[in-house]
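Open the model in your viewer and keep the selection panel at hand. The stops below follow one another, and each begins with something to select.

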Amino acid sequence: MYKLATKDNLQYIFMGDDMILKKDDFENLINESETVVLAELESQLDALSEPMCLCNECVLDMAAIALNTVKPLYRVSLLGSLYTATAMDEENYASSVKKAVSNAIERVGNNPSHEVENTQEE
Ligand SMILES: [Zn+2]
């Protein structure tokens with residue numbers, strides 16, 4: 001059984017008594033879905049037909065919502081993109097990202113998390 005432990009302010013993962021990973025090793029883990037989602041978000045926001053709030057907060061909200069929807073895609077940075085190339089059906093992944101991003105934009109556009117200056121009654 002794996003166990004997470006903290007020693008000298010560093011986190012380690014143990015299996016039995018053997019330390020197999022230290023927390024720093026996780027820095028080599030990269031969630032590739034972030035890159036894919038942000039690129040898709042940028043291109044969809046570029047192509048918006050209607051103006052909407054693109055403040056930092058709203059765009060981050062969109063990214064967060066989209067990232068929570070798509071499947072994570074971790075790879076080990078030391079090994080380049082070897083894993084991702086084989087581990088997924090790229091066409092399906094791309095279309096699920098497109099859909100997640102457009103849903104996220106619509107959701108934040110309809111319901112921004114901050115106050116919106118307008119004169120309309122709710
Ligand atoms: Zn905003």
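**Helix 2 against helix 4**

In this predicted model, select helix 2 (residues 56-69) together with helix 4 (residues 90-110): the two pack at an angle of about 140°, and their axes are 8 Å apart. That angle makes helix 2 oblique to helix 4, since only angles over 145 degrees count as roughly antiparallel. The crossing of helix 2 and helix 4 is right-handed.

Now show side chains. On helix 2, pick Cys 58, Asp 61, Met 62, Ile 65, Ala 66 and Thr 69; they meet Ala 100, Val 101, Ala 104, Ile 105, Arg 107 and Val 108 of helix 4. Coloured by class, the residues of this contact of helix 2 with helix 4 come out as nine nonpolar, one polar and two charged.

**Helix 1 against helix 4**

Which residues of helix 1 meet helix 4? Select Val 36, Val 37, Glu 40, Leu 41 and Gln 44 in helix 1; facing them in helix 4 are Val 97, Lys 98, Val 101, Ser 102 and Ile 105. The contact of helix 1 with helix 4 divides into six nonpolar, two polar and two charged residues.

**Helix 1 against helix 2**

Hide helix 4 and look at the remaining pair. The axes of helix 1 and helix 2 come within 10 Å and cross at roughly 130°. Helix 1 and helix 2 are therefore oblique to each other, and helix 1 passes helix 2 in a right-handed crossing. From helix 1, Ser 33, Glu 34, Val 37, Leu 38 and Leu 41 make the contact, and from helix 2, Met 62, Ala 63, Ala 66 and Leu 67. By class, this contact of helix 1 with helix 2 has seven nonpolar, one polar and one charged residues.

**Colour by confidence**

Finally, colour the chain by pLDDT. The chain averages 81, and 80% of the residues score at least 70. Where in the chain is confidence lowest? Select helix 3 (residues 82-87), which has a mean of 49; helix 2 is where confidence is highest, at 96. Where pLDDT is low, the predicted coordinates should not be read in detail.

Conventions: Residues are numbered from 1 along each chain as its sequence is written. Axes are lines fitted to C-alpha atoms, for helices over the stretch in contact, and angles run from 0 to 180 degrees between N-to-C directions. Helices (H or I, at least four residues) and strands (E, at least two) are DSSP runs, numbered from the N terminus. Angles under 35 degrees count as roughly parallel, over 145 as roughly antiparallel, 65 to 115 as roughly perpendicular and the rest as oblique. A crossing is left-handed if the near helix is turned anticlockwise from the far one by less than a right angle, and right-handed if clockwise. Two residues are in contact if their C-beta atoms, placed from the backbone, lie within 7 Å. Ala, Val, Leu, Ile, Met, Phe, Trp, Tyr, Cys and Pro count as nonpolar, Asp, Glu, Lys and Arg as charged, and the others, Gly among them, as polar. pLDDT is the predictor's confidence in each residue, from 0 to 100.
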